[in-house]
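Me: I am new to this structure. Please show it to me, and then I will ask how you know what you say about it.

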Amino acid sequence: MKFGFDIDDTLLNLREHAFRIYNLKLNRQVDIEVFHALTCIPVHEAFGLSTEEGRELWDRHRSEIYYSAPPFNDAVEVLQELDRCGHEVYYITARAPVHCDQTKQALIQTGFPVRDGRFYCGMGDLEKVHIIRDLGLDYYFDDKPAVLETLGDLKLSVYAKDNSYNRHLEVARIVEWRELLDIVNVGRNER
Ligand SMILES: [Mg+2]
């Protein structure tokens with residue numbers, strides 16, 4: 001089967017990592033509970049910053065955040081397991097084109113299985129649906145409401161990677177990556 005994954009806040013714990021970096025850079029000690037209570041994607045709101053200040057902070061530290069964000073628990077192992085079982089693993093990220101090569105290399109270094117032709121990068125959020133359709137994915141995982149909301153008409157299983165800002169969506173969701181192995185096994189038994 002074909003599995004597609006968004007990267008940021010689906011496979012990598014990017015926002016929480018950014019939150020911790022902002023605390024350090026701003027010399028603040030905002031509690032992690034404030035982060036977990038956010039119902040919006042931008043992290044700067046936890047620090048009381050304006051949109052403009054938040055954008056400036058993000059631009060200044062984006063590379064550091066991108067390339068040091070850790071994967072969620074078991075994400076690497078579970079995708080390796082899928083690959084080992086002969087499933088096709090695709091990555092579909094809207095990171096800007098200038099970051100695509102380094103992002104791919106960082107995934108490989110982290111241990112994610114990245115096979116030739118299965119890394120898609122640099123599209124807009126609303127363009128992902130076309131790639132997902134053309135690839136004929138069986139499963140797709142993303143965290144972002146703006147993306148998930150475009151996928152309702154496709155014939156595939158869409159899952160939200162559970163987060164405080166997507167809980168209003170009525171869509172299947174995955175909290176821990178280990179759950180994916182059960183989902184795949186259930187799917188296999190149904191066939
Ligand atoms: Mg994402």
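Reply: Just after α4, G86 takes a positive phi of about 90°. This is a predicted model, where local features need pLDDT of at least 70, side-chain atom pairs count only at pLDDT 80 or more, and totals for chains, interfaces and linings use all residues. Residues are numbered from 1 along each chain as its sequence is written.

Me: What makes a stretch a helix or a strand, and how many of each does the chain have?

Reply: Both are DSSP runs, numbered from the N terminus: helices are H or I with at least four residues, strands are E with at least two. By that rule the chain has eight helices and six strands. Along the sequence they follow the pattern β-α-α-α-α-β-α-β-α-β-α-β-β-α.

Me: Which residues of helix α4 are buried?

Reply: Helix α4 spans residues 75-84, and its buried residues are A75, V78, L79 and L82. They sit on the same side of α4, because they cover an arc of only 95° around the axis. The arc is that of the directions from the helix axis to the C-beta atoms. An α-helix has 3.6 residues a turn, so residues three or four places apart point the same way.

Me: Why is D6 called buried?

Reply: A residue is buried if 20 or more other C-beta atoms lie within 10 Å of its own, exposed if 12 or fewer, and partly exposed in between, with C-beta atoms placed from the backbone. D6 has 22 C-beta neighbours inside 10 Å, so D6 counts as buried. D6 lies in the loop between β1 (2-5) and α1 (14-25).

Me: Why is D8 called buried as well?

Reply: D8 has 22 other C-beta atoms within 10 Å, so D8 is buried. D8 lies in the loop between β1 and α1. UniProt lists D6 and D8 for "active site", in an unreviewed entry. UniProt positions use the numbering here, feature names are shortened, and annotations may be inferred rather than shown by experiment.

Me: What does D8 contact, leaving aside its neighbours within four places in sequence?

Reply: D8 is in contact with L14 and T93 on that basis. Contact means that the C-beta atoms of two residues, placed from the backbone, lie within 7 Å.

Me: Is V171 buried, partly exposed or exposed, and why?

Reply: V171 is partly exposed, because it has 16 other C-beta atoms within 10 Å. V171 lies in the loop between β5 and β6 (172-174). The C-alpha atoms of V171 and Y159 are separated by 6.4 Å, though the two are 12 residues apart along the chain.

Me: What makes a group of residues a nonpolar core, and which residues of the largest one touch the most other members?

Reply: A nonpolar core is a set of buried Ala, Val, Leu, Ile, Met, Phe, Trp, Tyr and Cys residues joined through C-beta atoms within 7 Å. The largest has 37 residues, and F5 and Y91 touch the most other members.

Me: How do you know where this core lies relative to the domains?

Reply: Domain 1 (2-12 + 71-190) and domain 2 (14-68) both give residues to this core, so it lies between them. Domain bounds come from an automatic or database domain assignment. Nine residues of domain 1 are in contact with 10 residues of domain 2.

Me: How do you know whether the chain agrees with a compact globule?

Reply: The rule is 2.2 Å times the number of residues to the power 0.38, with the radius of gyration taken over C-alpha atoms. For 191 residues, a compact globule would have a radius near 16 Å; the chain has 17 Å, so the value agrees.
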